Amino acid sequence: MRVSPAVTLSVSLTIPLPLASTKARFSGVPFRFKQYLLNNQISSRPGRLVVEKPTRRWTFSCKCRNRGRNGYAKFDDEGEDFIVVNFYRFVSIGDPEAVIEKHLSFLKDLNIRGRIYLNEQGINAQYSGPSKDALAYVEWLKGDERFSDLLVQMSPAINGHAFPKLKLQNKPSLVQYEGGISHLPLLDPPMRAKPLEPSEWKRKLKDLTDDDEASPSSSSGRSCILLDVRNGYEWDVGHFRGARRPEVDCFRNTSFGLSDEKEAPSDPLINVDKEKTDILMYCTGGIRCDVYSTVLRQRGFKNLYTLKGGVSHYLEEEGTAEWVGNLFVFDSRLSLPPAAYSDKAVDKPGSDNAVDKAGRTPQTPVDTSFAKCYICDSQVQELRHRNCANLDCNRLFLCCAECVVDLKGCCCSNCITAPRLRPVLHGVKRYEKWHVYRDSEVQTAPLV
């Protein structure tokens with residue numbers, strides 16, 4: 001690009017970087033992630049490179065690893081990075097409807113989409129937006145002393161918004177669970193599992209591994225169980241080593257420790273000593289563990305521990321130690337590699353590895369060896385689910401490239417002949433509403 005010397009130029013770019021490194025170069029100018037300051041807590045997020053020679057703005061597109069749908073990273077004249085934000089807090093809210101009105105009033109001028117649920121027990125939020133708007137909502141919420149120390153998880157969006165629209169409402173249950181959760185003592189912290197910092201969790205997992213390798217005679221008499229309190233399809237793309245795959249496809253049906261041996265012979269909590277068994281529970285962000293731990297507490301389980309901030313917080317703080325695969329997320333991205341959360345890495349002199357200053361686990365290629373195709377049981381290379389092309393099935397499943405072609409994007413041979421069959425999707429696309437495909441078929445149908 002040529003610019004006349006008589007013209008002063010302002011260039012504002014958002015540079016999507018390879019996630020394993022926080023340093024790059026652009027025209028000889030070193031570039032590092034900008035840091036957002038939230039109540040004296042610093043978290044690194046992608047920032048902007050500004051070359052000061054201004055007064056004209058330009059719009060650029062360049063090829064890079066983090067590209068948009070058309071194969072390019074888009075930089076508009078606003079230069080905004082989109083992020084996804086997650087947080088929750090169990091706290092007493094006296095008049096949820098009035099609080100919702102205040103939130104709606106603040107959000108009306110912000111470009112935010114997602115799910116924000118409030119009720120008498122607290123708030124549960126997952127949303128996306130330009131970083132400026134997304135963080136403005138967090139800062140506004142922290143102005144309420146009940147949320148001043150809120151633990152907020154952030155990750156990069158891929159193609160702008162990760163949610164189709166904003167849903168902010170008073171919902172009876174902040175988490176969907178059979179029978180609801182309004183009767184659970186969630187506002188009483190001792191009734192919930194004890195939260196462990198990621199570093200403590202890492203030590204616990206190491207102790208668990210050491211105990212498994214030790215002989216039975218060296219046992220201290222205490223046992224420990226690692227419990228994945230997510231859905232089975234989430235485990236399929238990533239999990240902590242040693243965690244058993246949950247046999248549910250919806251958290252609301254979770255029943256660990258609630259059945260007898262005849263009803264659920266594979267339940268890991270069957271016949272355990274409730275006084276001497278340590279239960280280590282984890283989920284994506286922590287809220288499901290808080291909910292289910294109160295259920296177990298009421299059933300007499302004494303030693304309950306949960307991973308503070310969930311897996312997303314652990315990957316940010318400790319890297320991939322004891323973790324394998326990607327992390328399933330409930331938005332349009334579906335699956336994120338650990339590096340999406342581990343953005344504090346720096347280049348170690350003389351090494352190609354990204355190593356954290358605090359000595360976290362170096363970022364390595366994601367291990368996919370454990371992931372199997374739902375149809376043929378062969379290994380899959382991409383840790384990302386797809387929905388069955390049969391709308392009335394819509395199953396989330398992992399699938400190899402060959403089975404995608406052979407079964408036309410369906411999960412089984414029966415679905416291939418379904419009346420409401422959608423086209424096969426390739427890449428990271430998600431299905432639209434049914435009317436898009438229905439109307440398309442009507443328009444392209446031959447005239448008779």
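A: Happy to. A residue is called buried when its relative accessible area is under 20%. Cys283 falls well within that limit, because its relative accessibility is 1%. Please keep in mind that this is a predicted model, and that every value below is computed from it.

Let's stay with Cys283 for a moment. Its closest cysteine sulfur belongs to Cys289, at 3.6 Å. A disulfide is a covalent bond between the sulfur atoms of two cysteines. The cut-off used here is 2.5 Å between the sulfurs, so the separation of Cys283 and Cys289 is too far for a bond. Cys399 is in no disulfide either, with the sulfur of Cys373 as its nearest, 4.3 Å away. Cys399 is also buried, at a relative accessible area of 15%. For the chain, the disulfide count is zero.

Charged pairs are another matter, with a count of 11 salt bridges. One of them joins Arg288 to Glu234, whose closest N and O atoms are 2.8 Å apart. This pair ties together distant parts of the chain: Arg288 sits in helix α5 (residues 287–298) and Glu234 in helix α4 (residues 232–235), 54 residues apart. Both ends are covered: Arg288 is buried with a relative accessible area of 8%, and Glu234 is buried at 0%.

A second bridge brings the side chains of Asp228 and Arg230 together, at 2.9 Å from N to O. Asp228 counts as buried at 1% relative accessibility, and Arg230 does so at 0%. A further bridge runs between Arg333 and Asp331, with 2.8 Å between the closest N and O atoms, and this pair too is buried at both ends.

Arg230 also leads us to Thr254. Their C-alpha atoms lie 8.5 Å apart, although 24 residues separate them in sequence. Thr254 belongs to the loop between β16 (238–240) and β17 (277–282), yet this loop residue is buried, with a relative accessible area of 4%. Leaving out residues up to four places away in sequence, Thr254 touches Tyr177, Val248 and Tyr292.

Now back to α5, the helix that holds Arg288. To see what it rests on, we need the sheet beside it. Five strands make up this open sheet, in the order β12-β9-β11-β10-β13, with mixed pairing. β12 (153–156) and β13 (166–170) are the edge strands; each has a single partner, so one side of each lacks a neighbour in the sheet. From one strand to the next, the twist averages 10°. Strands of a sheet pair through backbone hydrogen bonds, in parallel or antiparallel fashion.

Finally, a wider view. The chain holds eight helices and 25 strands, and 47% of its 448 residues count as buried. Among contacts with a separation of 6 or more, 67% are between residues 24 or more positions apart. The accessible surface comes to about 23500 Å², and carbon and sulfur atoms provide 50% of that.

Note on methods. Residues are numbered from 1 along each chain as its sequence is written. This is a predicted model: local features need pLDDT of at least 70, side-chain atom pairs count only at pLDDT 80 or more; totals for chains, interfaces and linings use all residues. Side-chain values use heavy atoms; hydrogens and water are left out. Helices (H or I, at least four residues) and strands (E, at least two) are DSSP runs, numbered from the N terminus. Buried means under 20% relative accessible area, exposed over 50%, partly exposed in between (1.4 Å probe, protein chains only). Contact means heavy atoms within 4.5 Å. Accessible areas come from the Shrake-Rupley method with a 1.4 Å probe; for residues, only the protein chains shown count as cover. A salt bridge is a side-chain nitrogen of Lys or Arg within 4 Å of a carboxyl oxygen of Asp or Glu. Two strands pair if DSSP finds at least two bridges between them. Axes are lines fitted to C-alpha atoms, for helices over the stretch in contact, and angles run from 0 to 180 degrees between N-to-C directions.
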